[in-house]
Amino acid sequence: MTKEVDVVVIGAGPAGSVASSKLIKEGLKVLVLEKMQFPRFVIGESLLPHSMDYLDELNLLPAVEALKFQVKTGACFFHDGERCDFLFENQFSDGWSYTFQVKRADFDHALIKEVEKQGAEVEFQAEVTDVKTSAATQVVTYRDANGDIHEVHCRFVMDASGYGRVLPQMFNLEVPVATPPRGAVFAHLDDTRRTPEDGRNIFVHAFNDNTAWIWSIPFSDGTASVGIVGDKDFVEECYADGGKLFKQKVAEFPGLNGRYDGVEFMFEPRLIVNYAVSVKQVYGEGYVLCGNSTEFLDPIFSSGVTLAISSGYKAAALVAKQLNGEQVDWEKDYSVVLKKGIDVFRTYVLAWYEGTLGDIFFSEKIDETIRQQICSVLAGYVWDETNPFVKKHSTLVNAVAHIVKM
Ligand code: FAD
């Protein structure tokens with residue numbers, strides 16, 4: 001017999017979990033289809049405070065807190081011996097002053113298990129292979145762990161398949177981004193030499209004339225995630241020969257002061273390239289995209305999971321509205337709203353690689369109010385239009401950079 005539900009959610013990452021939780025809260029019957037067996041590894045381990053608003057509202061926070069993740073209270077940026085600190089308690093928006101650094105295998109697993117308890121049906125090792133959408137019924141085909149094929153009928157499909165990009169590929173929605181091809185090499189390492197302050201922050205060191213940077217994300221179990229992001233050719237060089245150059249950089253990088261020199265690697269360096277991609281539309285008849293399935297530009301400001309969570313929540317609220325018989329203007333209420341938030345981060349990402357953001361970060365001329373307003377962007381509050389660095393992001397960042405350089 002063909003299964004029937006209100007909504008099929010593709011993918012059980014943060015976007016899929018949060019979307020499903022919101023749909024359940026709105027009284028809908030939800031089936032989550034997840035290709036992998038959980039827990040599974042995925043990169044993207046530093047959250048932003050704004051993600052806490054959604055986790056809290058959906059009552060998912062207690063399950064996350066129970067795992068005693070490393071508390072994250074700020075971000076430190078370094079360049080050429082200069083340092084700039086942002087503490088989330090000193091921000092313009094009325095938001096959370098902390099969040100967590102998470103091993104995604106544990107975080108994502110905890111979220112989806114909690115959403116299952118809330119009432120979603122979740123099937124792991126269920127790979128979506130085909131989707132047919134129309135104004136009325138949607139038909140989703142998937143392959144289960146035994147290789148058997150199943151069909152589900154539903155009223156709406158939410159694509160939260162992240163790097164899987166199921167509907168963007170199936171419906172030919174992908175468009176390239178204008179940024180140059182970049183990639184990352186990363187690993188988890190022993191991090192027992194850290195100071196308490198090292199534990200509370202994400203550290204980002206720019207090098208190679210701002211074309212590359214190294215991250216250090218401490219976990220609560222005394223390990224850390226360390227990675228290098230840069231032009232594709234450079235990171236491939238770092239990865240070659242068993243990650244020889246990566247290991248050398250991690251051990252000797254001046255800003256890390258030997259914190260990782262000679263330490264044990266939990267796994268050999270891994271490579272990910274060409275992750276930046278966008279789509280020409282984020283919704284269509286009977287479906288909507290959320291999370292990384294929409295667009296992912298760059299990891300520099302740790303925005304990915306927070307955007308995944310917020311887009312999953314926003315899209316699910318509109319799906320519920322539509323399925324409850326109300327009119328939804330998907331362009332105005334979702335596409336434009338989502339784009340606004342993503343565009344704020346885009347401005348900061350581009351300015352980071354151009355060096356103009358560094359001019360602001362490392363300038364002594366920047367007053368406390370401006371720092372607090374920028375801090376709120378870095379905390380993920382990119383829809384707070386009372387913040388001039390959100391509302392006028394594209395002009396203000398360049399104008400302020402110009403002034404500090406004069
Ligand atoms: P995912 O977490 O990718 O989940 C999607 C799920 O869909 C997966 O479990 C997958 O198995 C499943 N799926 C795929 N195809 C199918 C299918 N056909 N059928 C069923 N299921 C399917 N973000 C941060 O917030 N902080 C960071 O510090 C950070 N660092 C990053 C560093 C790098 C180098 C990169 C590349 C990214 C980083 N990100 C970071 C971004 C982060 O990885 C993503 O934004 C985030 O994982 C997106 O969540 P999601 O729920 O959209 O997708």
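Student: By class, how many nonpolar, polar and charged residues does the shell around the ligand have?

Tutor: A word on the source: this is a predicted model, in which local features need pLDDT of at least 70 and side-chain atom pairs count only at pLDDT 80 or more, while totals for chains, interfaces and linings use all residues. Residues are numbered from 1 along each chain as its sequence is written, and side-chain values use heavy atoms, with hydrogens and water left out. Ala, Val, Leu, Ile, Met, Phe, Trp, Tyr, Cys and Pro count as nonpolar, Asp, Glu, Lys and Arg as charged, and the others, Gly among them, as polar. Here the shell has 20 nonpolar, twelve polar and six charged residues.

Student: Which residues are the closest to the ligand?

Tutor: A residue is near a molecule if one of its heavy atoms lies within 4 Å of it. In this model 38 residues surround the ligand, and Glu34, Ile43, Tyr163, Asn292 and Val305 are the closest.

Student: Which helix gives the most to the shell around the ligand?

Tutor: Helices (H or I, at least four residues) and strands (E, at least two) are DSSP runs, numbered from the N terminus. Helix H8 gives the most, with three residues. At least two shell residues come from each of helix H1 (14–25), strand S8 (127–132), strand S14 (212–218) and helix H8 (304–323).

Student: What lies 2.6 Å from an oxygen atom of the ligand?

Tutor: A polar contact is a pair of N or O atoms within 3.5 Å. For the ligand, a backbone N or O atom of Ile43 lies at that distance of 2.6 Å from one of its oxygen atoms. A polar backbone atom of Lys35 is 3.0 Å from a ligand nitrogen atom, and a backbone N or O atom of Pro14 lies 3.3 Å from a ligand oxygen atom. Taken alone, the ligand exposes 1,000 Å², of which the protein buries 96%; accessible areas come from the Shrake-Rupley method with a 1.4 Å probe.

Student: Where is Pro39 found?

Tutor: Pro39 is in the loop between strand S2 (30–33) and helix H2 (50–57). A cis peptide bond joins Phe38 to Pro39, with omega about -5°.

Key
Polar contact = N/O pair within 3.5 Å; in protein donor to acceptor, adjacent residues only side chain to side chain.
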